[in-house]
Amino acid sequence: MTLPTRWPAPAKLNLFLHINGRRADGYHELQTLFIFLDHGDWLSFAVDESDAIRLEPALPGVPLEQNLIYRAAALLKASQSRPLGVTITLDKRLPMGGGIGGGSSDAATTLVALNRLWDLKLDDETLAELGRQLGADVPVFVRGHAAFAEGVGEKLQPVTVPQKWYLVLVPPVHVSTAAIFTDPELPRDTPKYSWATLQEMDWKNDCQELVKKRHPEVANALSWLLEYAPSRMTGTGACVFAEFETESAARKVLANAPNWLQGFVAQGVNLSPLRSGLQPVCA
Ligand SMILES: C[C@@](CO)(OP(=O)(O)O)[C@H](O)COP(=O)(O)OP(=O)(O)OC[C@H]1O[C@@H](n2ccc(N)nc2=O)[C@H](O)[C@@H]1O
Ligand SMILES: Nc1ncnc2c1ncn2[C@@H]1O[C@H](COP(=O)(O)OP(=O)(O)O)[C@@H](O)[C@H]1O
């Protein structure tokens with residue numbers, strides 16, 4: 001199979017997010033529905049014999065050793081005994097700390113791509129387990145299929161949902177996932193439901209009211225979007241989204257957005273572009 005010259009790292013949305021409780025180690029039991037968006041970052045990989053991992057350009061405020069791309073490559077490299085080198089180029093399009101999983105998706109794409117390019121022959125199970133060490137959201141990006149997630153996000157059941165169009169608004173604020181999960185006011189008592197029951201329910205995000213309270217920019221974006229369509233927050237924010245049947249309906253609303261609100265329109269997909277795109281990609 002021909003390998004891509006550049007690899008997609010798509011965004012995700014949490015179509016719902018329920019917090020069911022807190023474990024002794026501080027992590028939260030949750031139920032959530034992940035879908036992918038046909039929009040995201042792009043990564044290119046030039047492998048070499050140097051035994052060094054290089055990444056360009058640097059991300060503002062993220063030291064190299066903390067960049068999830070570098071950490072993913074280093075984790076893979078540490079599992080091998082021979083010298084492995086690569087220069088990775090990142091075309092960053094997704095907002096950071098937006099709840100659309102850019103960092104986690106970059107990490108997953110790095111694992112999947114370098115597994116091929118370094119010819120490591122690791123299976124998806126092993127890659128997902130390596131990903132889990134980098135962040136709760138990395139395994140779903142490695143697996144690459146829309147999923148109903150439980151546990152702390154590691155129990156994944158692939159699901160197929162209708163592929164709608166989404167308008168995603170990016171409020172001008174960075175929401176810290178750790179800060180939301182340690183906030184005493186976060187509700188943590190939604191009962192656990194079966195996937196069959198959840199499909200019949202109205203979907204909600206248990207972090208939304210708290211994030212709105214802590215970050216008025218999120219509250220403002222959501223109240224603007226709610227004038228046009230049912231809307232919710234994704235993950236622990238800051239991004240909010242509304243669902244549409246057609247691309248043009250979503251674009252029409254985006255065209256009305258005031259200057260202080262940035263956003264994008266993308267199709268929701270069950271199969272990640274990382275998986276569907278393992279074929280030649282044109283620039
Ligand atoms: C809750 C979600 C839903 O998608 O939020 P977003 O990050 O997408 O907004 C994710 O699962 C987040 O995944 P991820 O961002 O990879 O989380 P991690 O790096 O593993 O953890 C960041 C912090 O969130 C908290 N955390 C994360 C996941 C979880 N089930 N319970 C937690 O309490 C922990 O305090 C941890 O220190
Ligand atoms: N390659 C990366 N892309 C984005 N963020 C990264 C990356 N590597 C590390 N990070 C750090 O992870 C944090 C959360 O990233 P991101 O995945 O974009 O947000 P979220 O988990 O809210 O969707 C960022 O604020 C940044 O400090």
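## Exercises on a predicted model

Apart from residues up to four places away in sequence, Met-96 touches Gly-102, Gly-103 and His-174. The model used in these exercises is predicted.

**Exercise 1.** Decide whether Met-96 and Gly-102 are buried, partly exposed or exposed.

Solution. 
1. Place the residues. Met-96 lies in the loop between β4 (85-91) and α2, while Gly-102 belongs to helix α2.
2. Recall the cut-offs. A residue is buried if 20 or more other C-beta atoms lie within 10 Å of its own, exposed if 12 or fewer, and partly exposed in between.
3. Apply them to Met-96. It has 13 C-beta neighbours inside 10 Å, so Met-96 counts as partly exposed.
4. Apply them to Gly-102. There are 23 other C-beta atoms within 10 Å, so Gly-102 is buried.
5. List the contacts of Gly-102. Neighbours within four places in sequence aside, these are Ala-11, Asp-41, Leu-94 and Met-96.
6. Turn to the record. UniProt, in an unreviewed entry, gives the feature "binding site" at positions including Met-96 and Gly-102.

**Exercise 2.** Describe the shell around ligand 2: which residues come nearest, and which helix supplies the largest share?

Solution. 
1. Start with the residues. There are 18 around ligand 2, and Leu-68, Gly-97, Gly-102, Gly-103 and Asp-106 come nearest.
2. Find the elements. α1 (68-78) and α2 (102-117) each supply at least two residues of this shell.
3. The largest, four residues, comes from α2.
4. Sort the shell around ligand 2 by class. Six residues are nonpolar, eleven polar and one charged.

**Exercise 3.** Identify how strand β9 (residues 240-244) pairs with β7 and with β8.

Solution. 
1. Take β7 (residues 165-170). It pairs with β9 in the antiparallel sense over five bridges. Trp-165 has Phe-244 as its bridge partner in β9.
2. Take β8 (residues 231-233). This strand and β9 also pair in the antiparallel sense, over three bridges. Arg-232 has Phe-241 as its bridge partner in β9.
3. Look between the strands. The hairpin of β8 and β9 has six residues between the strands, and Gly-235 in this hairpin takes a positive phi near 55 degrees.
4. Link back to Exercise 3.

Terms used:
Residues are numbered from 1 along each chain as its sequence is written. Chains are lettered from A and ligands numbered from 1 in the order in which they are written. This is a predicted model: local features need pLDDT of at least 70, side-chain atom pairs count only at pLDDT 80 or more; totals for chains, interfaces and linings use all residues. A residue is near a molecule or strand if its C-beta atom, placed from the backbone, lies within 6 Å of it. Ala, Val, Leu, Ile, Met, Phe, Trp, Tyr, Cys and Pro count as nonpolar, Asp, Glu, Lys and Arg as charged, and the others, Gly among them, as polar. Two strands pair if DSSP finds at least two bridges between them. UniProt positions are given in the numbering used here, feature names are shortened, and annotations may be inferred rather than shown by experiment. Two residues are in contact if their C-beta atoms, placed from the backbone, lie within 7 Å.
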